[in-house]
Amino acid sequence: QVQLVESGGGLVQPGGALRLSCAASGMIFTLYDMGWYRQAPGKQRELVATTTSGGSANYGESVKGRFTISRVNAKNTVYLQMNSLKPEDTAVYYCNARRVLGGLVYNYWGQGTQVTVSS
C-alpha cells in the first residue's frame with residue numbers, strides 16, 4: 001500500500017518559515033516524481049513545487065524565490081522549505097507522488113496538512 005505521511009504544518013506569522021515533510025512508503029521512491037500542491041478555501045488545488053528523482057524542480061510562480069523543494073531518496077522523503085510566508089500561502093498542503101507507466105498516470109496523495117499564515 002502506497003502511503004504518504006506529511007508533517008510540519010501549523011500556524012506561523014507572516015514572514016516566518018516552515019518546513020513540511022512527506023515520508024513515502026510502499027513504493028519505489030526513485031521511480032516517482034514528487035510534488036507539493038495546495039488548496040486554499042474557495043480555490044482550486046494548485047501546483048506549489050515538483051521534483052524529479054534526479055532533483056530537477058519547478059515551482060508555482062507565486063512561491064518562486066521563497067519555497068524550496070528537495071528530496072532525500074535514501075529516506076524516501078520529500079521536503080518543502082517555506083520562507084517569507086504570506087497570508088496568501090494559507091492552505092492545505094498535499095504531498096503527491098506521480099508516475100507514468102504503460103500509458104497510465106499513477107497518482108498518490110497524502111492526507112494534507114494545514115498551513116496557516118496569520119498575525
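How exposed is Tyr-108, and what is its relative accessible area? In this predicted model, Tyr-108 is partly exposed, with a relative accessible area of 27%.

**View 1. Tyr-32 and Tyr-108 form an edge-to-face aromatic pair.** The structure has two aromatic pairs by count. In the pair of Tyr-32 and Tyr-108, the ring centres are 6.2 Å apart and the planes make an angle of 65°. Tyr-32 sits in the loop between β3 (18-25) and β4 (33-39), and Tyr-108 in strand β10 (residues 104-109), so the contact falls under the 6.5 Å limit for centres while linking distant parts of the chain, 76 residues apart. Tyr-32 is buried, because its relative accessible area of 8% is under the 20% limit.

**View 2. Tyr-37 and Trp-109 form an edge-to-face aromatic pair.** Here the distance is 5.2 Å centre to centre, with 70° between the planes. Tyr-37 belongs to strand β4 and Trp-109 to strand β10, and the pair links these distant parts of the chain, 72 residues apart. Tyr-37 has a relative accessibility of 19%, and therefore counts as buried under the 20% limit. Trp-109, at 37% relative accessibility, counts as partly exposed.

**View 3. Arg-45 lies over the faces of Tyr-94 and Trp-109.** For Tyr-94, the distance from the ring centre is 3.8 Å. For Trp-109, the distance from the ring centre is 4.5 Å. Trp-109 also takes part in the edge-to-face pair with Tyr-37.

**View 4. A disulfide joins Cys-22 to Cys-95.** A search of the whole structure finds one disulfide. Its S to S distance is 2.0 Å. The link of Cys-22 and Cys-95 is left-handed, with -85° about the S-S bond. Cys-22 lies in strand β3 and Cys-95 in strand β9 (residues 91-101), and the pair links these distant parts of the chain, 73 residues apart. Both Cys-22 and Cys-95 are buried.

**View 5. Arg-38 meets Glu-46 and Asp-89 in salt bridges.** The structure holds four salt bridges. Between the side chains of Arg-38 and Glu-46, the N to O distance is 2.7 Å. Between those of Arg-38 and Asp-89, the N to O distance is 2.9 Å. Arg-38 counts as buried at 5% relative accessibility, whereas Glu-46 counts as partly exposed at 33%. Asp-89 is buried, as is Arg-38.

**View 6. Arg-66 forms a salt bridge with Asp-89.** The closest N and O atoms of Arg-66 and Asp-89 are 2.8 Å apart. Arg-66 lies in the loop between β6 (57-59) and β7 (67-72) and Asp-89 in the loop between β8 and β9, so this pair ties together parts that are 23 residues apart in sequence. Arg-66 and Asp-89 are both buried. Which residues are linked with these two in a network of salt bridges? The network links Arg-66 and Asp-89 with Arg-38 and Glu-46.

How values were computed: Residues are numbered from 1 along each chain as its sequence is written. This is a predicted model: local features need pLDDT of at least 70, side-chain atom pairs count only at pLDDT 80 or more; totals for chains, interfaces and linings use all residues. Side-chain values use heavy atoms; hydrogens and water are left out. Rings of Phe, Tyr and Trp (its six-membered ring) pair if their centres lie within 6.5 Å; planes under 30 degrees apart count as stacked, over 60 as edge-to-face and the rest as tilted. Helices (H or I, at least four residues) and strands (E, at least two) are DSSP runs, numbered from the N terminus. Buried means under 20% relative accessible area, exposed over 50%, partly exposed in between (1.4 Å probe, protein chains only). A charge sits over a ring if NZ of Lys or CZ of Arg is within 6 Å of the ring centre and within 35 degrees of the ring normal. A disulfide is a pair of cysteine sulfur atoms within 2.5 Å.
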